[in-house]
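Hi there,

Here is the structure I promised to pass on to you. Have a look at it first, and then read my notes below.

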Amino acid sequence: MISITRNIGKVVILFLNNTGNFFIFFTKILQSFFKPWYFKNIINQMIFIGYFSLPVVSLTSFFTGGALALQIYYGGNQFNSEAIVSSIVALGITRELGPVLGGIVVAGRVSSAIAAELGTMKVTEQIDALKTLSADPISYLIVPRIISGIIMLPILIIFADIIGIMGGWFIGIQSLGFNGSVYIQNTIDFLEVNDISSGLIKASFFGFIITIMGCYQGFNSSGGAQGVGKATTNAVVSASVLILASNYIMTNLFFAS
Amino acid sequence: MITIENLHKYFENKKVLNGVSLNIEEGTSSVIIGGSGTGKSVLIKCILGLLTPEEGRISIKNNFIFENGKFKKNSKIKIGMLFQGGALFDSLRIWQNVSFYNIQNGKNKKFCFEDAILNLEKVGLSSDVVNLYPSELSGGMQKRVALARAISIKPDIIFFDEPTTGLDPISADVINKLIIEKVRDIGATSLTITHDMSSARTISDKIHMLHNGKIIWEGNKDTIESTDNPFVVQFINGLSEGPIN
C-alpha cells in the first residue's frame with residue numbers, strides 16, 4: 001500500500017515538476033520574442049520546416065483525399081449520396097484531415113529533428129558555448145524555430161488542402177466515373193472561407209505545438225545518446241497528443257455554435 | 001582577478017561544491033586538479049554563470065558577479081572558454097565557428113572570414129580548413145579550432161576544461177604549448193581544470209587541488225612534488241592506495 005502511494009506521489013511530483021519547468025521555459029521564450037530576431041536562422045528554419053516537409057505532407061493528403069472519396073462513395077452509395085462526395089471531401093480535408101494529418105506528419109519529421117538537434121547540442125555543450133559567446137540560446141535557437149513553425153504550417157496546409165481535394169478529384173474521375181469539372185464546381189460552391197480559415201488557424205497553432213515540444217524536449221535532454229533518443233520520442237509523442245487534443249478543443253470553439 | 005568565496009553547489013541531494021574558496025591572480029595561469037567527479041567542471045561552470053550556486057560569492061576584478069544567490073551582468077569583462085569536447089557548432093563552417101562572436105556583433109562577412117583565418121593560423125591551422133565543417137576535422141584539430149574561437153574574442157580571462165582529454169600525447173603537448181603561448185600573447189588570466197598531471201605541470205603557474213568539493217591544497221607548481229599532503233601525493237603519483245577512494 002505504501003509503495004503504491006509512493007509511486008503515485010512520484011508520478012504527481014514528476015508531472016508538476018515538468019509542468020512548472022515547461023511554463024518557466026515558455027516564459028523565457030516570450031521574453032526572448034522582444035529581443036532582436038535572428039532573421040537568417042528564421043529563413044533557414046522556414047526552409048527546413050516548410051519546404052522540406054512539402055513532399056511528405058503532399059503525399060499524405062493526396063492519399064487521404066483519395067481514400068476519403070472512396071469511403072464516402074461506398075458508404076453513401078447505399079443511400080444514393082454520390083453527389084455529396086466532392087463536398088464532404090472538401091470539408092473533411094480543409095476543416096480536419098488536412099491540418100491534423102499534416103500536423104502529425106510534420107510532428108514526426110520536424111519535432112523529432114528539433115529535439116535530436118538541440119539535444120545533441122545540449123549534451124555536447126554547444127548550448128553552453130553559445131552562452132559563453134554572448135548569444136542567448138533561446139533567441140538564437142528556439143525563437144526562430146517557433147516563428148517558422150507558426151508561419152510555415154498554415155502555408156503547408158494550404159498545399160495539403162489543395163492536394164487532398166485533388167486526391168479526391170483524381171479518384172472520383174478515375175475510379176468512380178465522376179465528371180471532373182462538375183466535381184471541382186461542387187467543391188468551390190460548397191466550401192466557405194470559414195472552412196479554410198479555421199483549418200489554417202489550427203495549423204498555425206499546431207506549428208507552435210510541434211516546434212515548442214521539440215525545443216523543450218531537446219533543450220532539457222540529458223544523459224548522452226540515450227537522453228537524446230528519449231527526448232526525440234517524447235517530442236513526437238507529446239506533440240502528436242497535443243495536436244489531437246487541441247484540435248478537438250478548437251473544433252468545438254469554431255463550429256459548436 | 002577572480003575571487004571565489006565559500007561556494008556551494010548541490011545537485012538534488014548531492015553536494016558537489018562544499019565551500020570552495022579560491023583566489024586567482026591577474027595574468028597568472030592556474031590549474032585545478034582533482035579526480036573525476038570532484039566538481040572541477042561544476043566550479044568552472046559556476047564561474048561562467050552556466051550553473052547557479054546555492055551559496056557563496058564570486059568576484060572578477062573586484063566586482064561581484066555572483067552574490068546573494070544571483071548573477072549580475074558584467075559586460076566589460078570578456079571570458080573565453082575551451083570546452084572539453086571542443087563544443088564547435090556542427091551546423092556552421094570552421095570560419096563561422098571561429099568568428100561566431102564577431103558575426104553576432106554585426107561585423108561584416110569579409111572581416112569575420114579574414115579574422116578567422118588569422119586566428120586559425122595562430123593555432124597552427126592553415127586556411128584550407130576554413131570552409132570545412134567540424135565533423136570533417138580530427139579531434140586534435142577540433143581542439144585547435146575551439147582554442148582559436150576562444151582567443152578570437154580577445155578575452156581577459158580564459159578557461160580550459162580538460163584541454164588534453166582524448167588526445168594522443170603529441171597532440172596533447174601541442175595543445176599545452178599553444179595554450180601557454182596564446183594566453184601569454186593576449187595577456188589573459190587563465191584557469192584550467194584537468195586530471196592530466198603532465199598538462200598541469202606544463203601549463204600552470206599555480207596548482208589547486210579540489211577534493212570532496214573543497215580546495216584541499218594549493219601552491220606553486222614547483223612545490224607540488226615536495227608536498228606531504230597525502231591526497232596530493234596519491235593523485236600526482238597515480239596510486240590506487242591512499243586517502244582518495
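B:Arg144 sits in helix 5 (residues 139-152) of chain B; helices (H or I, at least four residues) and strands (E, at least two) are DSSP runs, numbered from the N terminus. This is a predicted model, where local features need pLDDT of at least 70, side-chain atom pairs count only at pLDDT 80 or more, and totals for chains, interfaces and linings use all residues. Residues are numbered from 1 along each chain as its sequence is written, while chains are lettered from A and ligands numbered from 1 in the order in which they are written.

Is B:Arg144 buried or exposed? B:Arg144 is buried, because 24 other C-beta atoms lie within 10 Å (buried takes 20 or more, exposed 12 or fewer, partly exposed in between, with C-beta atoms placed from the backbone). Beyond its neighbours within four places in sequence, B:Arg144 is in contact with B:Val123, B:Gly124 and B:Leu125 (C-beta atoms, placed from the backbone, within 7 Å).

**Strands in chain B**

Strand 1 (residues 2-11) of chain B runs antiparallel to strand 2 (residues 14-24) of chain B, joined by 8 bridges (strands pair if DSSP finds at least two bridges between them). These two strands form a hairpin with 2 residues between them, and B:Glu12 in the turn has a positive phi of about 55°. B:Phe11 has B:Lys14 in strand 2 of chain B as its bridge partner. Strand 1 of chain B is also joined by 5 bridges to strand 4 (residues 55-60) of chain B, again antiparallel, and there B:His8 has B:Glu55 as its bridge partner.

Happy exploring!

Key
Two residues are in contact if their C-beta atoms, placed from the backbone, lie within 7 Å.
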